[in-house]
Amino acid sequence: MKTIVMTGGGTAGHVTPNIALFPGLKEAGYDISYIGSYQGMEKHLVEEQGIPYYGISSGKLRRYLDLKNITDPVRVVKGFFQAKKLLKKLRPDVVFSKGGFVSVPVILAARTLGIPSIIHESDITPGLANKLAIPSAWKVCCNFPETLKYLPEGKAVLTGSPIRKELLTGNKNACLSLCGFTAGKPVILIVGGSTGSKFINESIRELLDELLTDYQIIHLCGKGNLDTSLSNRKGYAQFEYANKELRDMFAAADFVISRAGANAICELLALHKPNILIPLSAAASRGDQILNARSFEKQGFSYVIEEEQLSADSLKNAIKKITTDKSSYIAAMKNSKQLDSIETILQLIRTAANSSRKRNR
């Protein structure tokens, strides 16, 4: 039997593309195992899929001064030896990584054992974890054509992002029933990322009275960000996070207000959902979401408001624009040259696994 170890964690965006590959890998006869951090959100998401999960020590390598910069490299080294021990035990033909700092020791350990690894970089420019891992990888997949110039020639493959097929099979009526909504009024879905966004949450709630006149609102506000004073507002449904219900929410949504994480916006593209993107600011990140959002804006897929310009008025204007030009956004997304990401990546995995098996005969 062919064997694959998958890795990646830290945010949902480092896990969900891996999960999207599980059905195709199972169908192709792969025995799948997953290496992540001890208690990261990836543990629950992967175990929910019935995939064996192994935790290792993980540390974040920061670009800024922090006392943890002293202890975290020790955790990374410990993680390397744990990963090496696990890979010797699991004997995979190939390793596939979605990034995040937990993936670095796994990719480095795979290289020392002669196991080919494939990395997927979601954003336009590679993050620090993937920058550290890329020299040890066989191939690097990416979402955006703009990314190719940042990757080593001969390693880079434009694949797009693997999208969970179940997202394409949502039931609008199931969502309306869950939220207590009516069928005749348009629905806005707000997605603030896996941890939620204080900026987006406050802006939406400030506009709530006005918005509920014309729209019904599903608000994914992040863990610990529910506002209990709004629990009984007709036409407003708030949730900390959505898992299986997300596909139904997408099916019900007329348009989406979202952060600009690469996987999230690729899902919007696959679903042809008009959207307003509010990328995480450069002050709070390395600016990758801004680049992602501007790429989608340039292609006519999205309306962008940068966080520094986010206000009740700017959001109101964006909603008016996206409502008026809804059909043009949908047309642009339908005309995009979207790749069959899952099949492209599965072919790379097959090639790497076959070469590995030949070497080990």
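Which residues form one aromatic cluster? They are Phe 144, Phe 296 and Phe 301. Before going on, keep in mind that this is a predicted model, where local features need pLDDT of at least 70 and side-chain atom pairs count only at pLDDT 80 or more, while totals for chains, interfaces and linings use all residues. Residues are numbered from 1 along each chain as its sequence is written, and side-chain values use heavy atoms, leaving out hydrogens and water.

Let's stay with the rings. The structure holds 5 aromatic pairs. Rings of Phe, Tyr and Trp (its six-membered ring) pair if their centres lie within 6.5 Å; planes under 30 degrees apart count as stacked, over 60 as edge-to-face and the rest as tilted. Tyr 34 and Tyr 53 have ring centres 5.9 Å apart and planes at 10°, so this pair is stacked. Tyr 34 sits in strand S2 (residues 30–37) and Tyr 53 in strand S3 (residues 53–56), so the pair ties together parts that are 19 residues apart in sequence. Strands (E, at least two residues) and helices (H or I, at least four) are DSSP runs, numbered from the N terminus. Both Tyr 34 and Tyr 53 are buried, where buried means under 20% relative accessible area, exposed over 50%, and partly exposed in between (1.4 Å probe, protein chains only).

Now try Tyr 215 and Phe 255: their ring centres are 5.9 Å apart with planes at 85°, so the pair is edge-to-face. This one links distant parts of the chain, 40 residues apart, with Tyr 215 in the loop between helix H8 (208–214) and strand S9 (216–220), and Phe 255 in strand S11. Tyr 215 and Phe 255 are both buried.

The buried residues of H10 pack against several elements, including strand S11 (255–258), helix H1 (16–27) and helix H13 (326–334). Just after H10, His 272 takes a positive phi of about 55°.

Next, a loop: Thr 125 is found between strand S5 (117–121) and helix H5 (128–133). Thr 125 is buried, at a relative accessible area of 17%. Setting aside neighbours within four places in sequence, Thr 125 is in contact (heavy atoms within 4.5 Å) with Tyr 150, Arg 286 and Leu 291.

Finally, look at Gln 347 in helix H14 (residues 341–359). Gln 347 is partly exposed, with a relative accessible area of 39%.
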